[in-house]
Amino acid sequence: MTNPSIAVLEALHNACSQNADILKPAEKQLQDWEIHPGFYSVLSEIFSNHSIDVNVRWLAVLYCKNGVEKYWRKTAPNAMKEEEKELLKERLISNFNEPVHQISLQLAVLIAKIARVDCPRNWSRLLPVLFEAVRCHDEHTQEQALLVLHHVTKTLASKRLPGDRKLFEELTNDVFSFILGLWTTTLDQFGQLALKQSDNSNNSLDKSILALRILRKQTAFGFKEPGENADVNIFLKQIFTRFKQMLDCRQSMWGNHQVIEKCEKIIILMTKVLLDLVDMHPVTFIPLIRPSLELTVAYNFSESEKGLLFEKFTVNCFNLMKSIVLCDMYKPLRNSSELTEPMRQESCKIKTEFFTFATLSEICRRLVSQYFLLSSEDLNTWDTDPEEFCQEEIGDSYRYSIKPCTEALFLALFKENRMSLSPVLIEMVHQIQLTSDPNDIMAVLRKDAVYNAVGLSAFDLFDDINFDEWFTSHLLSELTNRHVNYRIIRRRVIWLIGQWVGVKMSQSLRPNLYQALIPLLAKEEDLVFLETLFSLLFQLLQEVRECDTKMQVLHVISFVIERVGPKIQQYATALIHYLPALWQESAEHNMLRCAILTTLIHLVQGFGTSCSCMFNFLLPVIQMSTDVTQDQYIYLVEDGVELWHVTLQNTSASTDHMLQLFSNMTGLL
């Protein structure tokens with residue numbers, strides 16, 4: 001190795017150290033070299049040398065990848081020289097024999113990043129070399145090339161300019177047929193090896209997954225109209241037979257976690273192919289409407305196939321059915337005279353024939369009675385950490401779990417088939433009202449599920465439910481049932497009323513509702529409503545520990561203050577004394593501080609000219625949140641300026657501290 005190579009190699013070695021005294025200087029040195037000509041050529045020399053330590057080679061690829069992001073484009077400051085780019089590109093496609101998967105994965109991502117900028121105009125060799133390697137008979141080389149082709153395909157498919165789309169269509173045309181054949185062959189091999197319980201079945205699945213990922217992107221983005229291509233039609237027809245093969249193999253290979261995980265990946269990828277197609281090519285998808293609906297019903301609403309389910313598959317099946325139900329292309333036009341499109345007529349006919357009353361009612365019942373139920377895991381979380389249970393229902397992880405997908409499918413079906421499904425849901429309500437034993441936990445969970453369905457479809461049930469009568473005769477009494485299992489129903493009833501209160505609930509019943517709310521917050525039930533409500537909300541604010549929960553409680557407190565106005569003064573003393581401590585605790589949580597600022601705005605408006613009693617806390621908060629030199633300024637300034645404005649409007653006399661706030665105005669302007 002040359003002297004520069006040795007120096008870079010030593011720096012990379014040191015950058016892998018666990019000792020901060022060695023690590024930090026090495027990272028600084030590597031950062032300084034980023035803009036030096038030849039640095040990336042040396043890195044490529046290092047990561048291509050298989051005799052060097054794996055961690056060092058992996059770090060070399062990462063530095064090279066980061067450098068490509070920063071300095072590859074000609075317009076970038078300190079852009080790489082063309083000679084170095086050419087050397088790096090040539091080295092990257094000179095062989096596909098990297099033995100370490102983690103490094104080969106990073107190399108594939110690196111090649112894709114360069115391809116996004118240079119392919120094909122400034123890297124004409126990439127695709128021919130890739131296609132040749134993919135067709136190679138050497139197993140390892142072919143798998144490496146497939147990995148690279150997958151990342152290149154994924155990258156090029158995301159480009160949207162007409163020229164880029166034309167290039168991707170040409171790429172697809174060149175390789176789709178071969179990749180389809182490879183996918184078919186590898187799955188057939190896997191089926192044969194799985195019967196023999198062979199360990200080699202893993203390799204076939206790995207290649208099959210990569211091939212399927214490529215086929216997915218090429219089907220969605222590589223054809224103007226995929227249904228006009230014979231190979232695409234063969235691929236799409238295969239998918240439904242492969243579903244059964246993969247689900248059966250997953251069942252028969254129980255205990256072999258690696259194989260099961262890979263079978264599930266293939267199943268999920270096949271559902272994603274269908275989801276992409278119904279979204280982007282609804283005309284091509286029309287022949288697949290019925291088999292897709294049959295697949296969803298067979299595996300998700302049938303007792304015989306229940307053991308084959310896993311959550312991600314169910315989520316994608318429900319999303320697929322929802323997409324079919326809501327697709328505009330598959331709905332009849334309102335003006336019947338315009339119903340002349342053969343494709344639209346055909347799709348409407350398929351949906352109408354499939355969604356008979358019997359099928360719809362069975363799907364509706366199973367969604368509510370099977371998928372809406374709280375699980376034992378949900379109940380355990382509620383018992384051990386109620387705040388986490390609440391946060392799970394509003395966080396990102398919840399959004400991609402089965403419950404919101406189930407609710408979305410239920411709503412889509414209900415809105416499209418209201419006349420058929422309203423009587424079914426009303427009947428379910430009548431049935432669960434007959435059972436009220438709080439010791440029967442399954443009956444409690446079923447009631448919770450039905451109430452959830454009624455709340456979700458509140459607008460659609462406007463003419464079918466007399467909510468005032470239901471509230472008076474059933475719901476109000478259920479709020480007073482203190483059995484431990486009935487906490488599930490009390491929580492759901494409060495949510496249900498929240499769904500209906502703006503739809504169909506008489507104002508004359510609201511005092512009864514407010515009185516019913518108090519015991520749900522309090523341990524004692526004999527206090528005046530407003531004083532009790534505010535003190536209990538304040539108590540809850542002190543007790544909860546999660547930032548998101550505190551924000552929700554503050555939001556409710558702010559709303560109460562805003563509605564009550566000046567009457568809040570006699571109840572807010574404890575809150576005013578607590579807010580400075582909460583402000584200090586939330587130093588790392590800017591969104592919580594925004595919620596505090598909002599609460600202060602409403603407090604100042606409620607206190608009017610008496611807000612001067614809060615100046616010792618109020619004015620420093622305004623000072624900090626409107627100071628453009630503070631790191632948190634970007635988050636706090638909007639609410640901070642509003643608080644400043646409201647404070648000026650409600651102050652009877654100026655103070656020196658208030659005048660000092662004006663020093664922030666120059667930066668703001």
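Predicted model: local features only at pLDDT ≥ 70, side-chain atom pairs only at ≥ 80, totals over all residues.
Rings of Phe, Tyr and Trp, the last through its six-membered ring, form a pair if their centres lie within 6.5 Å. By this rule the count comes to 19 aromatic pairs.

Start with F176 and F223. Their ring centres are 5.4 Å apart and their planes stand at 85°, so the pair is edge-to-face. F176 belongs to helix α9, residues 162–195, while F223 sits in the loop between α10 (201–221) and α11 (230–252), so the pair ties together parts that are 47 residues apart in sequence. F176 is buried, at a relative accessible area of 2%. F223 is buried too, at 12%.

Next come F301 and Y371. Here the ring centres lie 6.0 Å apart and the planes meet at 75°, so this pair is also edge-to-face. F301 is in the loop between α14 (289–300) and α15 (311–326), and Y371 is in helix α17 (residues 357–371), so the contact ties together parts that are 70 residues apart in sequence. F301 has 6% relative accessibility and counts as buried. Y371 is buried as well, with 10%.

Aromatic rings also gather in a group. F240, F243, Y299, F310 and F313 form one aromatic cluster. Other rings face a charge. The charged end of R135 sits over the ring of F178, 5.1 Å from its centre. R242 places its charged end over the ring of W183, at 5.9 Å from the ring centre.

Now step back to the whole protein. It has 34 helices and 0 strands. The C-alpha trace spans about 80 × 70 × 55 Å along its principal axes. The protein has 669 residues, and 51% of them count as buried. Among contacts with a separation of 6 or more, 71% join residues 24 or more positions apart. The accessible surface comes to about 32900 Å², and carbon and sulfur atoms hold 52% of that area.

Salt bridges come next. A side-chain nitrogen of Lys or Arg must lie within 4 Å of a carboxyl oxygen of Asp or Glu. By this rule the count comes to 28 salt bridges. K166 and E170 form one of them, with their closest N and O atoms 3.0 Å apart. The two residues are 4 positions apart in helix α9, so about one helical turn separates them. K166 is exposed, at 51% relative accessibility. E170 is partly exposed, at 42%.

Other bridges reach further along the chain. D383 pairs with R487, and the closest N and O atoms are 2.7 Å apart. This pair links distant parts of the chain, 104 residues apart: D383 is in helix α18 (residues 376–384) and R487 in helix α25 (residues 487–500). D383 is exposed, with a relative accessible area of 51%. R487 is buried, with 17%.

K447 forms a salt bridge with E478, again with closest N and O atoms 2.7 Å apart. Helix α23 (residues 441–456) holds K447 and helix α24 (residues 467–478) holds E478, so to speak of distant parts, the pair links positions 31 residues apart. K447 counts as buried at 3% relative accessibility. E478 is buried at 6%. Elsewhere, salt bridges that share partners join E86, K89 and D118 into one network.

Two further buried residues show local surroundings. T284 lies in helix α13, residues 282–285. T284 is buried, with a relative accessible area of 9%. Setting aside neighbours within four places in sequence, T284 contacts E225, P226, G227, L236 and L277. S104 is in helix α6, residues 101–118. S104 counts as buried, at 5% relative accessibility. Apart from residues up to four places away in sequence, S104 touches E98, Q144 and L147.

Finish on the surface. M591, I634 and Y635 form a nonpolar patch there, with about 350 Å² of accessible area together. I634 is found in helix α32, residues 633–649. I634 is exposed, with a relative accessible area of 61%.

Key
Residues numbered from 1 in each chain as written. Heavy atoms only, no water. Patch = residues over 30% accessible without salt bridge, like charges linked within 9 Å, V, L, I, M, F, W, Y side chains within 5 Å. Areas by Shrake-Rupley, 256 points an atom, 1.4 Å probe, with all protein chains shown as cover. Buried < 20%, exposed > 50% of the residue type's maximum accessible area, 1.4 Å probe, protein only. Phe/Tyr/Trp six-rings, centres within 6.5 Å; stacked < 30°, edge-to-face > 60°. Lys NZ or Arg CZ within 6 Å of the ring centre and 35° of its normal. Contact = heavy atoms within 4.5 Å.
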